[in-house]
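Me: Before we talk about individual residues, I would like each label to be set against its criterion. Please show me the structure and start with the terms you rely on.

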Amino acid sequence: MQHKVSREHLVYAMSRDNPPALQVRPGSTVVFETCDCFEDQIRTADTPFAALDWSRINPATGPVFVEGAEPGDTLVVEIRDIRLAEQAVMMTAPNLGVIGKQLSHSEIEIVPIKNGKARLFDRVELPLNPMIGVIGTAPAGEPIACGVPDQHGGNMDCKIITVGTTLYLPVQVTGALLALGDLHAAMGDGEVSVCGLEIQGEVEVQLSLIKGQPWPLPLARTAAHLYTIASAVQLDDAADMAAANMVNLLVRHSDLSQAQAVSLLSVGGNLQICQVVDPQKTCRYELPLSVLAQLNIHF
Ligand code: CA
Ligand code: CA
C-alpha cells in the first residue's frame, strides 16, 4: 500500500518531539510532498527579500514513524522517484555562499524546468539532476535545525541522493521519524552560491529496517558505488571523517589491515565534496561496489 504525507506536515528541525505525520510498517512505500527551501514563498523574480519570512526556510515534510524502528537500528531509504514542479528558484545575496562578501545586493532568478532541462538567464540550458537536499532521522538529543547536516543526515546537499540511490540513516529514537525536503532540480558539487535549483516536488521512497548499525552512517549506495557521508564545521574535518568511515567499514567487514584499507582508498576511490555553504560542510567518499565485492562485501 502506498502512503502519502502532504506538504501541510512541515518541520523546521529534526526532533524526537515532532509528532508523526504518518505511521507505516517496514516495507511501505511513502510519497512525500515537499515545499522548496523557501517554503514556496518566491514565485516571481521581483519578490522583495524583506517580504520573506526567514523562519520558514528549509522545511522538511514529515516525520514518518516506522513501526519497529528502535535506537541502534538502521533505516533503509530506497529513493524510487522524484517528481519536480515546473519552475525552480535560485538566489544570491550578500554574505551567502563562497563569494557572498563581494555581493552588494540580492538577486532572485526564476528558472523554468522543461523537457528535462533547466534554462538559466534565458540562454543557458543545463541537464537536470533531481536530488534531495534535506533528509534525515530525529536525533536522540537536542533538535537539529533542518538546515544543518550531521550524523542523522539532514541538510547534506549531496547530489548522489537521487532516484535509484539507497540511503542508510541511523535510528536514534523509536520510530526513526524520517523527514525530507529541499529538492533541487539540479545542483553542482559544492553548492557554491548556497542554492541549487530550489523546487517544489514529490519524493517516493520505500522504507525498511536493518536491526543494528553494521556500517558507519550515513551511507549511500548507487548502482555502481558505495558512499560514506560525513559533515563537520570545517571542510577538512568532514573530508577526514568521510574517508575514515570508509576505512573503518573495510577493516570491520573484510580482512584488510587498517594500512591496507587506507592504501586502497588512496588509489581505488574518490573523496568528493557535497557542499561547502551550510553550517556544517559535507563530504563523501566514493568506492566502487566492484572493489567491495572483491573483498566479499556485498550490498
Ligand atoms: Ca540545502
Ligand atoms: Ca536547497
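Predicted model: local features only at pLDDT ≥ 70, side-chain atom pairs only at ≥ 80, totals over all residues.

Reply: Strands here are DSSP runs of E with at least two residues, numbered from the N terminus.

Me: What makes Asn95 exposed?

Reply: Exposed requires over 50% relative accessible area, and Asn95 has 63%, so Asn95 is called exposed. Its phi is near 70°, which is a positive value in a residue other than glycine.

Me: Why does Asp122 count as exposed?

Reply: The cut-off is again over 50%, and because its relative accessibility is 61%, Asp122 falls in that class. Asp122 sits in the loop between strand S10 (117-120) and strand S11 (124-127), and its phi, near 65°, is likewise positive in a residue other than glycine.

Me: Why is His152 called buried?

Reply: Buried means under 20% relative accessible area, and His152 has 1%, so the label applies. His152 is in the loop between strand S14 (149-150) and strand S15 (153-154), and, leaving aside neighbours within four places in sequence, its contacts include Met14, Ile135, Leu169 and Gln172.

Me: How do you know that the largest pocket lies between domain 1 and domain 2?

Reply: Domain 1 (2-86 + 129-210) and domain 2 (219-294) both give residues to its lining, and therefore the pocket is placed between them. That pocket has a volume of about 280 Å³, and of the 19 residues that line it, Cys37, Ile57, Asn58, Val194 and Asp278 lie nearest its centre. The lining divides into 10 nonpolar, four polar and five charged residues.

Me: What lines the largest cavity?

Reply: The lining of the largest cavity includes Asp36, Arg43, Gln87 and Glu198, and it divides into four nonpolar, two polar and three charged residues. The volume of this cavity is about 30 Å³, and a search of the whole structure finds one cavity of 30 Å³ or more.

Me: How does the reach of helix H1 compare with the expected span?

Reply: The expected span is 1.5 Å times one less than the number of residues; for helix H1 (residues 235-253), with 19 residues, that expectation is 27 Å, and the reach from its first C-alpha to its last, 27 Å, is close to it. Among the buried residues of H1 are Ala238, Ala242, Met246 and Leu250, and what covers the buried residues includes helix H2 (258-268) and strand S21 (270-275).

Key:
Residues numbered from 1 in each chain as written. Chains lettered and ligands numbered in written order. Heavy atoms only, no water. Helix = DSSP H or I, 4+ residues; strand = E, 2+ residues; numbered from the N terminus. Buried < 20%, exposed > 50% of the residue type's maximum accessible area, 1.4 Å probe, protein only. Contact = heavy atoms within 4.5 Å. 1 Å grid on protein atoms, 1.4 Å probe; cavity = no way out; pocket = protein on both sides within 12 Å on 5 of 7 lines; lining within 4 Å. Points joined across faces, edges and corners; volume = space filled by probe spheres on them. Nonpolar A, V, L, I, M, F, W, Y, C, P; charged D, E, K, R; others polar. Domains from an automatic or database assignment.
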